[in-house]
Structure formats: C-alpha cells, structure tokens
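Me: I have a structure open and would like to talk it through slowly. Can we start with the ligand and then move on to other things?

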Amino acid sequence: MNISEKVHSSSGILVYFEIFKNEIRPVSFELLGEAYRLSKKSNEAVHIVAVGKDIDFVREKIKGFPVKSAYLYETDKFFQPDIYEKALEDCIDKLNPSIVLIGGTAEGRALAPRLAVNYRTGLTADCTELDIDENGNLLQIRPAFGGNIMAKIVTENTRPQFATVREKVMQPVKPDFVENTDFLVQNLDVEESSMKILNIEDTAEEDSIVNQNILVVAGRGVKKKEDLDMLRELAELLGGKLASSRALVEKGWMTHKEQIGLSGNTVCPKCMITFGVSGTVQFMAGMKTTPNIIAVNSDPNARIFEIAHYPICADLYDVVPELIKSLKGL
Ligand SMILES: Cc1cc2nc3c(=O)[nH]c(=O)nc-3n(C[C@H](O)[C@H](O)[C@H](O)COP(=O)(O)OP(=O)(O)OC[C@H]3O[C@@H](n4cnc5c(N)ncnc54)[C@H](O)[C@@H]3O)c2cc1C
C-alpha cells in the first residue's frame with residue numbers, strides 16, 4: 001500500500017484504556033471525551049483497546065459511552081511495554097485507525113514511542129490540545145520552546161497519527177449514549193518479556209496536590225515565606241491543600257511536588273483560588289481545565305483574569321485574613 005492509500009484507507013480514533021489494579025485510569029475517559037469531540041469533526045468512529053487481567057470488567061464500565069468497538073486483551077502480566085505493545089499492534093492491524101490516543105502517563109510514555117517506531121509514523125508527546133485541520137489531519141498542539149509558543153504539529157503522510165495527551169487537560173464525556181459496542185475479547189499470547197520486574201511499589205500519594213478537590217495557590221505576590229502560613233491555614237479551613245507557581249519553588253519556599261504547570265503538575269481540582277499568580281502560559285498549562293477558578297491579583301491586567309471565573313482585583317494581604325476570619329466565624 002503506498003503512502004496516499006494508507007492515509008486514505010485508515011479510519012477511526014482508537015483510545016488506549018489504561019488499567020491499573022482492575023480499575024480504568026481516569027485519563028482514559030478524558031481521552032475518550034476528546035476522541036468523541038474529534039470524531040464529530042472528522043466523522044469517524046471511536047474505538048478502545050485495553051489490556052490486563054480479568055479484562056472483561058471493562059464491558060460494564062464503558063456502558064453508555066460512545067464506543068463503536070472495544071478490543072480487550074486478557075493477560076495476567078503486569079504492564080511491560082514489549083508485551084502490551086503486541087496487543088496494541090494486533091488491534092491496530094485489525095482496525096487500521098487513523099488516530100491513536102494514549103495517556104501521557106508513565107505507561108503511555110513507554111508504549112507510544114515503541115508503537116510509533118514500529119509503524120514508522122509520527123508521535124507528538126504530551127499534547128495539551130487536539131483538533132482536526134481542514135485536510136482531516138490530527139492537529140497536535142503542545143507547548144514548545146519552554147512554553148513560549150504553542151506548536152501545532154501534523155502527521156501528513158503516515159498513519160496512524162499517534163499522540164500522547166497530558167492527564168487532566170481534556171474533559172471526560174458523560175455516559176449518556178445508546179451505543180451498541182462490539183466487543184472482541186482475546187487472550188494475549190506472547191513470549192516472556194525481555195524485562196524482569198523485581199519489585200512493584202505503589203507510589204500514589206493521596207495528599208498529592210493532583211488528588212485534591214480544593215487548591216489554594218500561592219504565587220510571587222506572596223512577599224515572605226512566613227506568609228505562606230496564612231495561605232496554608234486557609235487551604236486547611238477549606239479542606240484543601242496549598243500549591244504554588246514555580247516562582248516560589250525557585251525561591252525554595254515550596255517543593256516541586258507542590259508546583260503547578262508545564263514543568264510541574266497538571267491539576268484539575270473542583271475549585272482553585274490563586275493569590276498573587278500572574279497567569280503565565282507555563283502556569284496555565286497545568287491548570288486551565290479547572291472548572292472554578294477564583295483569582296486574587298492586585299494588577300487589573302493580570303493574565304490570570306482571562307481564564308478566572310471569579311476575578312478579584314485586590315491585595316491578597318487584605319483578602320486572605322478576611323477569608324480566614326469569616327471561615328472561622330469570627
Ligand atoms: C521551561 C519553563 C517551564 C516553566 N514551568 C513553569 C511551571 O510549571 N509553573 C509555573 O508556575 N511557572 C513555570 N515557569 C515560569 C513562568 O514563566 C513564570 O516565571 C512563573 O509562572 C511566574 O510565577 P508567578 O505568577 O507566581 O509570578 P509573577 O509572574 O511574578 O506574578 C506575580 C503576580 O503577583 C501579583 N501581586 C503582587 N503583589 C500582590 C499582592 N499583594 N496581592 C495580589 N497580587 C499581587 C502581581 O500583580 C503579579 O501578577 C516556567 C518557565 C520556563 C522557561
């Protein structure tokens with residue numbers, strides 16, 4: 001098949017569903033939501049592929065989601081890229097999809113490059129936006145050159161078009177569909193992996209800023225390290241955690257684990273209140289899908305106000321003590 005035939009014959013958007021401890025990772029539903037939005041533009045069907053133990057449980061979990069077909073591969077092997085890639089290759093060979101979306105997670109980052117090399121095609125890692133261009137190509141958008149520009153990348157001549165997508169940047173879709181999904185369940189029969197797992201440790205941290213419903217965020221507008229105490233108190237009163245922009249990490253006042261943004265964490269709490277954060281591209285790359293953003297900044301032209309749902313132009317040193325007082329009922 002020549003290049004043009006391959007490009008024109010491929011169709012469909014395939015989403016890799018990541019499984020961990022018999023649970024579907026949330027990023028999978030975020031990708032599914034994005035795939036659905038793209039499919040409406042490109043007029044293609046959405047499919048999923050998942051690999052794991054007792055994988056049939058996925059049937060129940062995707063009820064009501066817009067999935068045309070689901071390729072489920074049964075294996076009792078823990079994730080090893082050279083084994084799992086065989087499942088994805090089998091699925092891609094059967095389906096011939098135009099687009100393959102994979103989470104920008106540790107697992108996705110191990111899997112996607114191997115597949116892109118095997119299919120001699122393009123991969124854009126860590127996309128923050130996706131779209132379909134006028135020629136039907138996947139527009140893969142991500143920050144580049146230190147976040148100073150947003151690069152738009154297309155894979156014009158080869159298929160599939162692979163993209164990994166950051167967690168928590170795409171909106172999941174609700175299971176409100178009547179879709180008769182076709183299921184193809186099969187055993188994944190492969191040789192032993194060339195890698196040997198020595199130990200499996202659960203590194204998930206419940207109190208990580210990534211897992212919070214409420215975040216109070218400190219920026220360079222905070223003048224002294226001690227002033228973080230009042231913001232930490234406010235976060236605790238609200239039942240959330242304190243996080244920060246990189247400016248305070250560079251000062252050594254906060255840790256990298258507490259940093260939001262391009263070179264930190266991507267977060268999507270239910271509500272975020274920023275204090276003295278200007279709203280640079282690099283900061284916003286890590287939080288802009290947050291559904292409720294309250295921004296306190298003394299500069300009426302601060303960029304954070306462009307995405308804030310509740311912009312408050314004020315001095316944080318006036319606002320924070322008042323908020324603490326009222327939350328304490330004083
Ligand atoms: C490759 C690269 C990666 C990066 N990654 C990240 C990243 O992951 N996360 C990140 O945050 N940054 C990142 N940066 C840095 C980024 O460019 C900015 O330097 C940083 O986001 C600025 O943080 P800030 O908004 O807290 O500070 P500033 O931009 O200095 O803003 C401070 C704000 O506080 C306001 N202010 C001052 N006093 C008060 C007051 N009393 N009350 C209320 N408001 C007040 C000011 O009006 C101002 O808007 C990165 C940069 C590069 C080059």
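Predicted model: local features only at pLDDT ≥ 70, side-chain atom pairs only at ≥ 80, totals over all residues.

Me: Which elements give two or more residues to the shell around the ligand?
Reply: Those elements are α7 (residues 246-250), α8 (281-284) and α10 (316-327).

Me: ok, and how many residues surround the ligand, and which are the closest?
Reply: The ligand is surrounded by 27 residues, and the closest of them are S245, Q259, S263, S278 and N297.

Me: How do the residues of that shell divide into nonpolar, polar and charged?
Reply: The shell around the ligand has 14 polar residues, 8 nonpolar ones and 5 that are charged.

Me: What does a polar side-chain atom of D315 lie 3.1 Å from?
Reply: That atom of D315 lies 3.1 Å from a nitrogen atom of the ligand. On the oxygen side, a ligand oxygen is 3.1 Å from an N or O atom in the side chain of Q282, and an oxygen atom of the ligand is 2.9 Å from a polar backbone atom of R246.

Me: And how much of the ligand does the protein bury?
Reply: Taken alone, the ligand exposes 990 Å², and the protein buries 78% of that area.

Me: Switching topic, how many disulfides are there?
Reply: With a disulfide taken as two cysteine sulfur atoms within 2.5 Å, the count comes to 0. C271, for instance, is in no disulfide, and the nearest cysteine sulfur to it, that of C268, is 11 Å away.

Me: Last topic, the backbone: where is the cis peptide bond?
Reply: The cis peptide bond joins R159 and P160, with omega about -5°, and P160 lies in the loop between β10 (149-153) and β11 (161-165).

Me: What about the phi of D54?
Reply: D54 is not a glycine, yet its phi is positive, at about 50°. This residue, D54, is found in the loop between β4 (46-52) and α3 (58-61).

Definitions and conventions. Residues numbered from 1 in each chain as written. Heavy atoms only, no water. Near = heavy atom within 4 Å. Polar contact = N/O pair within 3.5 Å; in protein donor to acceptor, adjacent residues only side chain to side chain. Areas by Shrake-Rupley, 256 points an atom, 1.4 Å probe, with all protein chains shown as cover. Helix = DSSP H or I, 4+ residues; strand = E, 2+ residues; numbered from the N terminus. Nonpolar A, V, L, I, M, F, W, Y, C, P; charged D, E, K, R; others polar.
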